[in-house]
Structure formats: structure tokens, C-alpha cells
Amino acid sequence: MMLSAKSDVQVDTPEVRVTEWRLAPGSATGHHIHEMDYVIVPVTAGEMTIVAPGGERSKAQLGSGKAYGRKSGVEPDVLNGAASEIVFLEVELKP
């Protein structure tokens, strides 16, 4: 059984929600659907495993401070198979 990732909503306004995510080694977010466009800002460098709804796995390399964005509708489970904690900020853009 996977450990659960920890989340902390830091900002929640009518325009944006910013959540800090902490994934300890061996933890996962669980499958979820992004209902808003979003930007990920890694705080730590590392490698995440992304699991698609059909079970396909891919690796995502994170560089500290190297942001990337995605559109709504993405449905991942994010796993940390690395030996160190992964920390990132998720910035969701409200419609």
C-alpha cells in the first residue's frame, strides 16, 4: 500500500489556488482529475512516475524552479519512487 502525499492549500482566491505538495519516498497522490488548467513549480529536483488511467507509466524529471503547465482534464496518479522527498507547488487557474 502506498503512502499518501501531503497537500497544503496556501492560497485560494476567486482567480487561483496554490497547493504545496510533499511526496515522501514511496508516496503517491492517488488518481485524480485536474478540473482546471494548472502550472507545476518544483521546489526540489527529482523524478516522479506518472501513471495514466490505463496504467501506462512515464517518468517526469523535475528541476528546482523549472515550471511547466498542463490543461484541465489530465488524470494522473503521481508516485515518488525516489529516495528523497519531492516538493512542488501546484498553481490552479480558476475559470
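## A walk through an all-strand chain

Start at the N terminus and follow the chain along: its elements run β-β-β-β-β-β-β-β-β-β. That makes 10 strands and zero helices. Keep in mind that you're looking at a predicted model.

Zoom out to see the whole chain. Its radius of gyration is 13 Å, close to the 12 Å that the globule rule gives for 95 residues, so the chain is as compact as a globular protein of that length. Along the principal axes, the C-alpha atoms fill a box of roughly 35 × 30 × 25 Å. If you colour by burial, 31% of the 95 residues count as buried.

**Stop one: the sheet.** Select β2, β3, β10, β5 and β8. These five strands form an open sheet, in the order β2-β3-β10-β5-β8, with antiparallel pairing. Now look at the edges: β2 (6-12) and β8 (68-70) each have a single partner strand, so one side of each is left without a neighbour in the sheet. Going from one strand to the next, the twist averages 20°.

**Stop two: strand β5.** Select residues 37-42, which make up β5. On one side, β5 pairs with β10 in the antiparallel sense over six bridges. Click on Tyr-38 and look across to β10, where its bridge partner is Glu-92. β5 also pairs with β8, again antiparallel, over three bridges. Here, pick Val-39 and find its bridge partner in β8, Gly-69.

**Stop three: the largest pocket.**

To see where the lining comes from, show β5, β6 (46-51), β7 (57-62), β8 and β10 (86-93), the elements that give two or more residues to it. Which strand gives the most? That's β7, with three residues.

Finally, colour the lining by class: you'll find 12 nonpolar, four polar and two charged residues.

How values were computed:
Residues numbered from 1 in each chain as written. Predicted model: local features only at pLDDT ≥ 70, side-chain atom pairs only at ≥ 80, totals over all residues. Heavy atoms only, no water. Pairing = 2+ DSSP bridges. Helix = DSSP H or I, 4+ residues; strand = E, 2+ residues; numbered from the N terminus. Axes fitted to C-alpha atoms, helices over the stretch in contact; angles between N-to-C directions. Nonpolar A, V, L, I, M, F, W, Y, C, P; charged D, E, K, R; others polar. Rg over C-alpha atoms; globule rule 2.2 N^0.38 Å. Buried < 20%, exposed > 50% of the residue type's maximum accessible area, 1.4 Å probe, protein only.
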